[in-house]
Every structure is written in C-alpha cells, then in structure tokens.
Amino acid sequence: MPLAPSADPARLRFSVLGPLTAEAAGRPLALGAPKQRLVLAVLLSRANTAVPVDVLTEAVWPDEPPRTARKNLQVYISTLRTLLGRGDGPDRLVHSAAGYLLRVAEPELDVLRFRALARAGRAAADSGALAPAARLLRQALDLWQGPPLADLRRSPAVEAEAERLEARCLGVHEDWAETELELGNAAAVAEDLADLAERHPLRERLQAARMNALHLSGRQAEALAVYDHHRQLLARELGLEPSPALTTLYRRLLTTGRARPASARPAAGPGTSLLPADTADFTGRTDELHGLLDALGGDGGRVAVLSGPAGVGKTMLAVHAAHLLAERYPDGRLLVRLRTADGTPRPLPDVLAELAALTGRPDDGSADDGHPGHAPADPARAAALWRASLAGRRMLLVLDDAPGEAAVRELAPDSGPSAALVTSRSQLAGLGSVHRTAVPFLAPAEALDLLGRIVGPGRIGTDRAAAARIVESCGLLPLAVRVGGTRLAVLRHLPLAEYAARLADPTGALDELVAGDVAVRARLDSGWRDLTDQGRLALGRLAALPLSLLFTLPEAATALGRPERVALRTLEALADTGAVTSPTGEVAAHAALYGLPRLTHLHARERTSDLA
C-alpha cells in the first residue's frame, strides 16, 4: 500500500514526467549510474506494484543480460535502498516472490499526482462542474516538464512506459480541451492545440477538438482544412477513412454556423456488459483486486495481465474486477475467450469476427458477404480497424486465456482511454508496458472459507480438521477446492473425513476432483499440452521427486540429468507457466527452494506413466 501522506519537509520527491529526478528536503539526489537509474525508473513507473525481476533485467539489459545480471541488480537495489532511506515508516523498497516494490505516496511522485488530478477533473466534468474540471485538468498537464524519462528511453521497456504516459497525457489534454470548449474558451483551445495536433495527426479525438476550437473561433476554413488533411493522411498511411463521428462533425461544420463540441464522453449511461455473471462466492484476492482496480480504474489506456497456472482463478478475478469497473468504462465491458474449450488457441480472424458481432462494428468488408460476425479476409487490417475503433471509446476488454503475446498485441487498445485485462498461464514477458499480477494459490484460510461457502459453514464446523486436509489435498488450487466442494454439496451423505482420505491418496486424487462436466484433470491436461516437448520431459522427470517436498537446484539438476546452469533455465521456464513454484524470497540460485504444486505433481506423474 502507498505510504501515508505527511507534511514532513524531508519527504522525497520523484519526477518521471520529464527527465528522471529525485530530491530530498529540496536538494537533488545523485541517482547513480545509468543502469541504476533505469531500475529506479521502472520501479517508479510501476510505483506501489511489485515488479518482477525479469522485467527489471530486461529493462536494464534488453539484448543479452550478463551472467552476473541478477547479482548486479541486487547491488543496484541495495544502493537505492540506502539512497532512498527508510525513515520512520515501513521499508520503502521491499522484495517478495512477485518482485521488487517501491512504496511511494501520491505527493511524492509527479505521475501519481497527475493521475489523481486527472481523475478529479474527469469526475468534476461528469458531474457538470466544468470550471473546476478545467482547472484540475490544467493542473495535471502543468506537471509535465517535457518528454517523460527522456534521458533513459534507449531501453525498450522504458520507452514503452514513456509512450504509455504520453498517451495518457494526450487523453487528459483532450479532456481539458473539450471542457474548455464547453465553457466557451475556443480561442485559447485553438492556440493550445496547434502544435499538439500537428505532432499527433492520426489522433481523431484531438483533431475533432481542434476543428471545433477553430470553427468556434470564426476560423471555419482552417477547421475544414484540418479534416481534409487528416482524411488524406489516413488514406495514404493506413488506407482508412475517418471515423463516422469525425465525418459527422465535418458535415455539421459545413452546414451550421456554430459547432457543438464533440466530447468523447458518452451522453448515455453505462454501456452494455457482455461479461459472465459475477461469482457470488468470490473469496480472497484482496491485494490482487485492489491492484487491478488501481491500475485500470485510473486514466485508462492500460493493459493488465493476470498470470498463473490453469485453475488458479484468473478468469474469476478478471470478471469480478470488470464488474466493479462498470462506471469507469461506460462504453461497455466484454469478455472474449482466446482458446477453444479444449485449450486450442483460436485463430485471430475468428476472434475479430466475434468482436465485430458483439460490438455491432462492421468488419473490414472483405468477408464473403460483408456482414459483421464473419471472419475477415485480411486479419491484419481488421485488427487495425478494431484497435482504431477503441481509440475514441472507454471500453474494457477482457482477453481470456491468451496463448501468447501476439494475440494481445493485435486486440488490445494501443491508444485512447480503453483498456484490456488479459488472463494467461504465462506472464507474457514479451509485452512491454503492462501491469502484471501473478495470481497465487489460495491461502489456507481463504481455501477453507471458499469450501465453507460451497458446502455450508455448518458442515465445515463439524470436522474442521478434515476440511483443512481437503483443501490441502486440493493443493489450495481454487478450481480444485470449488470442484471438491461441489462434489461434497451433491454427496451430502459423504463424511468430510472420508473424502479427505480419498483426496490424500495420490493414486486417486484426480479421480475425486470431478463434478458433473467439470474435471480438474481436463484443465491440467490443457496446461500440459501448452508445454514444449522439452518442458513436458523436464516436468515428468521432476515429478519423480518426492511428493509435496521442496527441492534445491542441485537436486533438480540431478533429476533432470542436466548441468545446473541448464537446470536453472528449465526451472525458470516452468515457473513462468506455474508448473514450478519457489516459495523462498530472493536468494542465490543454489540456496533457492523449488516445488511442484500437488495436483500438477500428480498429473505429471500420471502423464509420464502414460507415455512410458
């Protein structure tokens, strides 16, 4: 959680909306060598959120990290801890299994103040308080001191973060312009937007605001010329026509003596929800949920990734968060699955056709009959049109069970206030600037709570020890706890102790975790198929280790029959899929402990036996 604000004159101040700077008690801090500054820049860009070690490594060494990268990173972190200090509160820079987290309060970091002012300005505008809204939005824009992180953008990861910040700034600038137009300050808007609109000629909302400002200032010919230039540029660069909204505005300027500001804020209430129903017994995930709501409930234009093994509850968390974000995304919230029921990745044209049908947006017209919902003949063009259609809307897109980065790049918004919430078994490390959350297994108390909600707290109370053994044998995997609970709810006569004994038997546990047409084994099968041949071979060999016991890198190397450096890369690759866990904190590779989740362990033994 962010540190509580205080009036301490010695409080640190950080800036990323321009060159990276920091000061304490009004005096600049020397931030060290460029690589150390890169680490700080990434931590500040994701302030109050755990940043995985591999993300920091990629930011500092984008090409090929040296063998000493992890050790060097630890040195940079240690130096930053000393530089930033602790003060009287909790540690400012902390480490957990999810990565490094830098605690920063809103008054300490300019980008946090920017987001808070932007949120307040938009809320004021939505309530009709236009003058305060314009003032708050202007204060947000005045925090910018130039291109963000301009001195560190040779790192692709920092460049991606800086581009995302610039996109947010553009959105706030458009909000400010539309609000000022509503207040009748067209001349000031026309002057302010001149350079900005020329630097971003393809941004339709910005061009619409400039056209309105010029027209309302009595400069109709210039307003019409803006549209004509934009239309020609779209046709030449992208082979597209202006959006219907911009074309309608152009026609209005031709036929009326006064234009109405073309606000991107919807006039109607919240848009359609095309989400699965929320889960009545949603349990736990408090920190992960708060992180999502903070990441996606701000200025928009963000991509968030929920990663974890099959059955850990990524989709349930994503749907729950999407329901809670209804007011923030008034143009609609929808979920589209990127795999078929058996786990096979869906072709991009099929997904695009579904999105077109769900949103009522025509596809690229090159399908057989030109009707929405048919697979487009040119997927790349259709994907570009889809992303362009999101730029002027505030929509939340849930991309469920992404098989890899490519589909996310094609479907997620790349500008504007819309956002994407992605679930995936992998962390999708190839995506640059995203908010990542590794969804963990349930804590024992959470798993017991979930089981009690399904079978009834009274029944749990009759034999709480057996209930604890049940959730432990389920490996604290939410899907398994839910399936086991459903089975118990149906078999009312089955004592908890007897079911606990069945699940404790390694040879029959997966057979017990079936409820109707939902089987834990089928979900684990899908995760198994996702692995490479080498990954399946390695997991099968690790499954020969003792059940539910942690193991070291040397023990893994022996089981795999590989040198330790190769074994370490194998463990890290399996950890990315959730097949291997490491409950220890940051330690040297030889001191780290690893484990296989219980049901993954049993399933890998089963599949390896089938192949023998």
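## Sheet order

In what order do the 3 strands of the open sheet stand? The order is β1-β2-β3, and the pairing is antiparallel. β1 (12-15) and β3 (27-28) are the edge strands. Each has a single partner strand, so one side of each is left without a neighbour in the sheet. The model is predicted.

## β1 and β2

β1 pairs with β2 (residues 21-24) in the antiparallel sense. The pairing runs over 4 bridges. Thr21 of β2 is the bridge partner of Ser15. Glu23 of β2 is the bridge partner of Arg13.

The hairpin of β1 and β2 has 5 residues between the strands. In this hairpin, Gly18 takes a positive phi near 145 degrees.

## β2 and β3

β2 and β3 run antiparallel, joined by 2 bridges.

The hairpin of β2 and β3 has 2 residues between the strands. In this hairpin, Ala25 takes a positive phi near 55 degrees.

## Helix α5

Helix α5 spans residues 130-141, 12 residues in total. From first C-alpha to last, α5 reaches 16 Å. That is close to the 16 Å expected at 1.5 Å a residue.

Which residues of α5 are buried? They are Ala133, Ala134, Leu137, Ala140 and Leu141. These residues cover an arc of only 120 degrees around the axis, which puts them on the same side of α5. Their cover includes α4 (110-126) and α6 (156-182).

Note on methods: Residues are numbered from 1 along each chain as its sequence is written. This is a predicted model: local features need pLDDT of at least 70, side-chain atom pairs count only at pLDDT 80 or more; totals for chains, interfaces and linings use all residues. Side-chain values use heavy atoms; hydrogens and water are left out. Two strands pair if DSSP finds at least two bridges between them. The expected span of a helix is 1.5 Å times one less than its number of residues. Buried means under 20% relative accessible area, exposed over 50%, partly exposed in between (1.4 Å probe, protein chains only). The arc is that of the directions from the helix axis to the C-beta atoms. Contact means heavy atoms within 4.5 Å.
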